[in-house]
Amino acid sequence: MALLYSLCCVSFSALVIVALYVSPVVSTSRRVLGDYGKLENGFRITLKHVDSSKNLTKWERIQRGIKRGNHRLQRLNAMVLAASGDSAEVQAPIVAGNGEFLMDLSIGTPPNSYSAILDTGSDLIWTQCKPCTQCFDQSTPIFDPQKSSTFTKLSCSSDLCEALPQSTCSDGSCEYLYTYGDYSSTQGVMATETFKFDSVSVPNIGFGCGEDNEGDGFSQGAGLVGLGRGPLSLVSQLKEPKFSYCLTAMDETQKSLLLMGSIASANESLGEMRTTPLIRNPSQPSFYYLSLQGITVGSTRLPIKESTFALEDNGSGGVIIDSGTTITYLEQAAFSVLKKAFILEMKLPVDTLSSTGLDLCFTLPSGSTQVEVPKLVFHFDGADLDLPAENYMIADSSSGVICLAMGGSSGMSIFGNVQQQNMLVVHDLEKETVSFIETQCQNI
């Protein structure tokens, strides 16, 4: 089966590829999320893409995202090596770190505003704090705990201190070291504070007050907000451990959204919901692992062994869903089969000259206004996800190419954020499920 794409105008069966990117078109099968405002047991936050303020074309943004995604893959590989004991160089437990979206929040009393990187691949909430022995530049004032009336250090016997991968005790206070996969790190004291998200204040949130923060990528924000599955994360510290997000395409005029608490599932009745169970990986407990059972391209289910995506006993392999990785990466054997299927179905010349950063691109026909692309379905356990074409094909009209927004990986596979565009993605830590609802994020 193929989808018909128009390169210049809208038709009933077409999606529009405008300028340098595949742009979504309003579909009659999608429903707009309602305006729920502030709910008693939840809150919502507008997200900004890390490149939204830069003067970049959409194609340049996707290329920057791919480079960051490759960097994140390297971090994940380092984590797998450390967990399996195959790396003698790793001295401290490490986590993924960084992400693609920023959220605005405030900390302390009176509140001190800053932007933080949202990361579904790690747990710790932290920000830079005075006195700083090593801090990177940030656009907002560094938080001074001495000026906040609600700042309280955590004791060494506290549950959150014991949940840290690495901690020490100093004068009865819990001190932490949190190391990321590229050996970036944050180090400081664990404490509780009042955090303000939009107009909603949440007291007694455990966080890291970082006095020694080193590494690449942190300067996009003044810290991180971990949304992983571990006890240190923001979602785990809420009374209702549930969150959802809706991510728009890389367009600075459109905003993505994060919903926390009970509001996260308030939109479940607005469209068809596809739910798949989460899998636990004891060696990587923060990640959201899914069971991917197969992939269909066009009308053909690809000849990929289900074991290709299986989580191994040593913690390697498996498939995670991640908002902090731009494109989807599949285990190399599966990606090779996928590439062959797309080459067969696209019926266009494979482009080998353009430097796009993507593994598979095709030359657009000169003067053509429409291109057929095959359907793409991910078969998760209990949830067949039939992706809109703009979620896996991108075009660069200036280079005359259209590319598959996916790549190959060694071991772990990642379901990236481009493939999650314009979906409400609900993470329920109590039910241990992830659900998908197609919608239009920009109209929330």
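The legends below describe close-up views of a predicted model.

Local features need pLDDT of at least 70 and side-chain atom pairs count only at pLDDT 80 or more, while totals for chains, interfaces and linings use all residues. Residues are numbered from 1 along each chain as its sequence is written, and side-chain values use heavy atoms, with hydrogens and water left out.

View 1. Helices (H or I, at least four residues) and strands (E, at least two) are DSSP runs, numbered from the N terminus. Helix H4 covers residues 332-346. Its 15 residues reach 21 Å from the first C-alpha to the last, close to the 21 Å expected at 1.5 Å a residue; the expected span is 1.5 Å times one less than the number of residues. Ala-334, Phe-335, Leu-338, Ala-341, Phe-342 and Met-346 of H4 are buried. Seen down the axis of H4, these buried residues fall within an arc of 120°, so they line one face of the helix. The arc is that of the directions from the helix axis to the C-beta atoms. An α-helix has 3.6 residues a turn, so residues three or four places apart point the same way. On the other side of H4, Lys-340 and Leu-344 are exposed. Buried means under 20% relative accessible area, exposed over 50%, and partly exposed in between (1.4 Å probe, protein chains only).

**View 2. The two ends of H4.** At the start of H4, a side-chain oxygen of Glu-331 comes to within 2.9 Å of the backbone nitrogen of Ala-333. Just after H4, Lys-347 has a positive phi of about 60°.

**View 3. The open sheet E20-E19-E26-E27.** Four strands form this open sheet, in the order E20-E19-E26-E27, with antiparallel pairing. Strand E20 (300-301) and strand E27 (383-386) stand at the edges with a single partner strand each, so one side of each has no neighbour in the sheet. Two strands pair if DSSP finds at least two bridges between them. Strand E19 (residues 292-297) is joined to E20 by 2 bridges in the antiparallel sense, and Thr-296 has Arg-301 of E20 as its bridge partner. H4 lies across E19 and strand E26 (376-380), at about 20° to E19. Axes are lines fitted to C-alpha atoms, for helices over the stretch in contact (heavy atoms within 4.5 Å); angles run from 0 to 180 degrees between N-to-C directions.

**View 4. The open sheet E23-E24-E29-E28.** This open sheet has 4 strands in the order E23-E24-E29-E28, and the pairing is antiparallel. Strand E23 (350-351) and strand E28 (393-396) are the edge strands, each with a single partner, so one side of each is left without a neighbour in the sheet. E23 and E24 run antiparallel and are joined by 2 bridges; the bridge partner of Asp-351 is Cys-361 in E24. H4 lies across E23, E24, E28 and strand E29 (401-404), running at about 145° to E29.

View 5. Leu-364 sits in the loop between strand E24 (361-363) and strand E25 (370-374). At 15% relative accessibility, Leu-364 counts as buried. The side chains of Lys-375 and Asp-386 are joined by a polar contact of 2.9 Å. A polar contact is a pair of N or O atoms within 3.5 Å; within protein, one must be able to donate a hydrogen and the other to accept it, and residues adjacent in sequence count only if both atoms are side-chain atoms.

**View 6. Strand E33 and its partners.** In strand E33 (residues 433-438), 5 of the 6 residues are buried, so the strand is largely enclosed by the rest of the structure. Strand E17 (residues 273-279) pairs with E33 in the antiparallel sense over 5 bridges, with Thr-275 opposite Ser-435. Strand E32 (residues 423-428) also runs antiparallel to E33, joined by 6 bridges, and Met-423 stands opposite Glu-438. The hairpin of E32 and E33 has 4 residues between the strands, and in it Glu-432 takes a positive phi near 55°.

**View 7. Strand E16 and its partners.** Strand E16 (residues 256-261) is mostly covered, with 6 of its 6 residues buried. Strand E4 (residues 42-49) pairs with E16 in the antiparallel sense over 6 bridges, and Phe-43 stands opposite Met-260. Strand E15 (residues 242-246) is joined to E16 by 4 bridges, also antiparallel; Ser-244 has Leu-259 of E16 as its bridge partner.
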